Amino acid sequence: METETAAAPRTSARERLLAAADELFYEHGINRVGIDRVIEHAGVAKASLYDCFGSKEELIRAYLKRRGDRRQALLSERIALQKTPRDKILSMFDSLAEVVSQPNYRGCVFQRTSAEAIDEGAIRSTCDELRGWLRAQFTELARQAKAADPELLGQQLVLLYDGASATAYLDGDKNAPRAARALAAKMLS
């Protein structure tokens, strides 16, 4: 008697394109990776890209949005585990320390993509929107911590966070988030 085996469901062309974009754009940058390379890596027809996204720019925006959603979920989960606003802020630096310790860490995708964006168009706007969420989190937590000037403290915390991210990549200093965390702790005392 034959047994039937259920084939694993094949991922959609959209998912394969996003996975290929995630891997290639993050490793090589949005300008060094052509659409043909993404299509080949994803194993889809060119028409699939245009059916799913319409253009390379829209694929980049979807890639950034997916990265942003993952970062927001990770940070939100980490924040939710903490009781005080101070601990919530510091946990964001702990999360960054875990991210930069990954062997394939290549810096903040939003900083890198913003630097590569040709103009102030849709890609740059998407990066700004996703980075705005981080600023809003730091500012709201500074407000909850009863900071004298929550907007200023939020801005300072973003500078520390961004600096730690860039230093970890550019200098290979995986301790940068811990150093930034120590400075943030002093600012919150």
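The largest pocket holds about 510 Å³ of space. A pocket here is an open set of points on a 1 Å grid over the protein atoms alone, with protein on both sides within 12 Å along at least five of seven lines, and lining residues have an atom within 4 Å of a point. Grid points are joined across faces, edges and corners, and a volume is the space filled by probe spheres set on the points. The model is predicted: local features need pLDDT of at least 70 and side-chain atom pairs count only at pLDDT 80 or more, while totals for chains, interfaces and linings use all residues. Residues are numbered from 1 along each chain as its sequence is written, and side-chain values use heavy atoms, with hydrogens and water left out.

The lining of this pocket consists of 19 residues, with Y26, R67, R71, V99 and Y105 lying nearest the centre. At least two lining residues come from each of helix 1 (13-28), helix 4 (56-80), helix 5 (85-100), helix 6 (109-116) and helix 8 (150-170). Helix 4 provides the largest share, 5 residues. Helices (H or I, at least four residues) and strands (E, at least two) are DSSP runs, numbered from the N terminus. The protein chain has 9 helices and 0 strands.

There is also 1 cavity of 30 Å³ or more, a cavity being a set of points where a 1.4 Å probe fits but cannot get out. The largest cavity has a volume of about 40 Å³ and is lined by F25, G29, I30, Y63, V109, R112, T113 and E116. Helix 6 gives the most to this lining, with 4 residues.

The table sets out both linings by class. Ala, Val, Leu, Ile, Met, Phe, Trp, Tyr, Cys and Pro count as nonpolar, Asp, Glu, Lys and Arg as charged, and the others, Gly among them, as polar.

The axes of helix 4 and helix 6 come within 11 Å and cross at roughly 155 degrees. Helix 4 is therefore roughly antiparallel to helix 6 (angles over 145 degrees count as such; axes are lines fitted to C-alpha atoms over the stretch in contact, and angles run from 0 to 180 degrees between N-to-C directions). Y63, L64, R67, G68 and R71 of helix 4 make the contact with V109, F110 and T113 of helix 6, where contact means heavy atoms within 4.5 Å. By class, the contact residues are 4 nonpolar, 2 polar and 2 charged.

How values were computed. Angles under 35 degrees count as roughly parallel, over 145 as roughly antiparallel, 65 to 115 as roughly perpendicular and the rest as oblique.
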